[in-house]
Amino acid sequence: MRAVIQRVTEASCSVDGEITGSIGTGLLVLLGIEDPDTALDIKWLAQKIVNLRIFSDADDKMNLSLMDIDGGVLLISQFTLFASTKKGNRPGFTRAAKPEIAIPLYEDMIKELELLSGKKTQAGIFGADMKIKLLNDGPVTLIMNTHDKENH
């Protein structure tokens, strides 16, 4: 599971001109899922997302988490995070999980983020042509891969 996490002052997703999710200060999370991903990856990554200390404190140091600032999460499914660009100029997406695997994991990630944050997770629509608007704050952008996690 791969995530691009962006600290934002606002973000929204729309499909066919209708807003499907919108947040003020918080995190825009682009989530890519591949076949080997499991519920353990969701638990680890969701825990990281809500507890990353990447918001500024009173001394302008990145010291506060999403939980500390009562921020929102906008979660967007993003199969292109597993694009293969090694050969040719057209990316391949064979590493991205098929919808029958990815959709339940994406929905579980929404639920896990809601459970941990105590707030409704805003989201896009899996597989839709989504338009994302955001105001990146900092900019602060992190890339996380659950297969790189350290176990301790």
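**Exercise 1. Overall build**

What percentage of the 152 residues of the protein count as buried?

*Solution.* Start with the ground rules. This is a predicted model, in which local features need pLDDT of at least 70 and side-chain atom pairs count only at pLDDT 80 or more, while totals for chains, interfaces and linings use all residues. Residues are numbered from 1 along each chain as its sequence is written, and side-chain values use heavy atoms, with hydrogens and water left out.

Step 1. Buried means under 20% relative accessible area, exposed means over 50%, and partly exposed lies in between (1.4 Å probe, protein chains only).

Step 2. Apply it. Of the 152 residues, 42% count as buried.

Step 3. List the elements. The protein has three helices and eight strands. Helices (H or I, at least four residues) and strands (E, at least two) are DSSP runs, numbered from the N terminus. Along the sequence they follow the pattern β-β-β-α-β-β-α-β-α-β-β.

Step 4. Check the size. The C-alpha trace spans about 50 × 45 × 30 Å along its principal axes. A compact globule with 152 residues would have a radius of gyration near 15 Å, and the protein's 15 Å agrees. That radius is taken over C-alpha atoms, and the globule rule is 2.2 Å times the number of residues to the power 0.38.

**Exercise 2. A hairpin**

Describe how strands β1 and β2 are joined.

*Solution.* Step 1. Locate the strands. β1 covers residues 2-15 and β2 covers residues 18-23.

Step 1. Two strands pair if DSSP finds at least two bridges between them.

Step 2. Pick one bridge. Ser14 has Ile19 in β2 as its bridge partner.

Step 3. Look at the turn. Two residues lie between the strands of this hairpin, and Asp16 in the turn has a positive phi of about 55°.

**Exercise 3. The nonpolar cores**

Which residues have the most contacts inside the largest nonpolar core?

*Solution.* Step 1. A nonpolar core is a set of buried Ala, Val, Leu, Ile, Met, Phe, Trp, Tyr and Cys residues joined through side-chain atoms within 4.5 Å.

Step 1. Read off the answer. The largest core has 28 residues, and Leu31 and Met109 have the most contacts inside it.

Step 2. Find the suppliers. β1, β3, α1 (39-51), β6, α3 and β8 each supply at least two residues of this core. Helix α3 gives the most, with six residues.

Step 3. Follow Met109. Not counting residues up to four places away in sequence, Met109 touches Met1, Leu31, Ile42, Leu45, Ala46 and Leu75. Here contact means heavy atoms within 4.5 Å.

**Exercise 4. Aromatic pairs**

How many aromatic pairs does the structure hold?

*Solution.* Step 1. Count. There are two aromatic pairs. Rings of Phe, Tyr and Trp (its six-membered ring) pair if their centres lie within 6.5 Å; planes under 30 degrees apart count as stacked, over 60 as edge-to-face and the rest as tilted.

Step 1. Classify one. Phe79 and Phe93 are edge-to-face, at 5.0 Å centre to centre and 75° between the planes. Both lie in the loop between β6 (72-77) and α3, so the pair ties together parts that are 14 residues apart in sequence.

Step 2. Classify the other. Tyr106 and Phe126 are tilted, at 5.9 Å centre to centre and 55° between the planes. Tyr106 is in helix α3 and Phe126 in the loop between β7 (122-123) and β8 (130-145), 20 residues apart.

Step 3. Check burial. Tyr106 is buried at 4% relative accessible area, whereas Phe126 is partly exposed at 28%.
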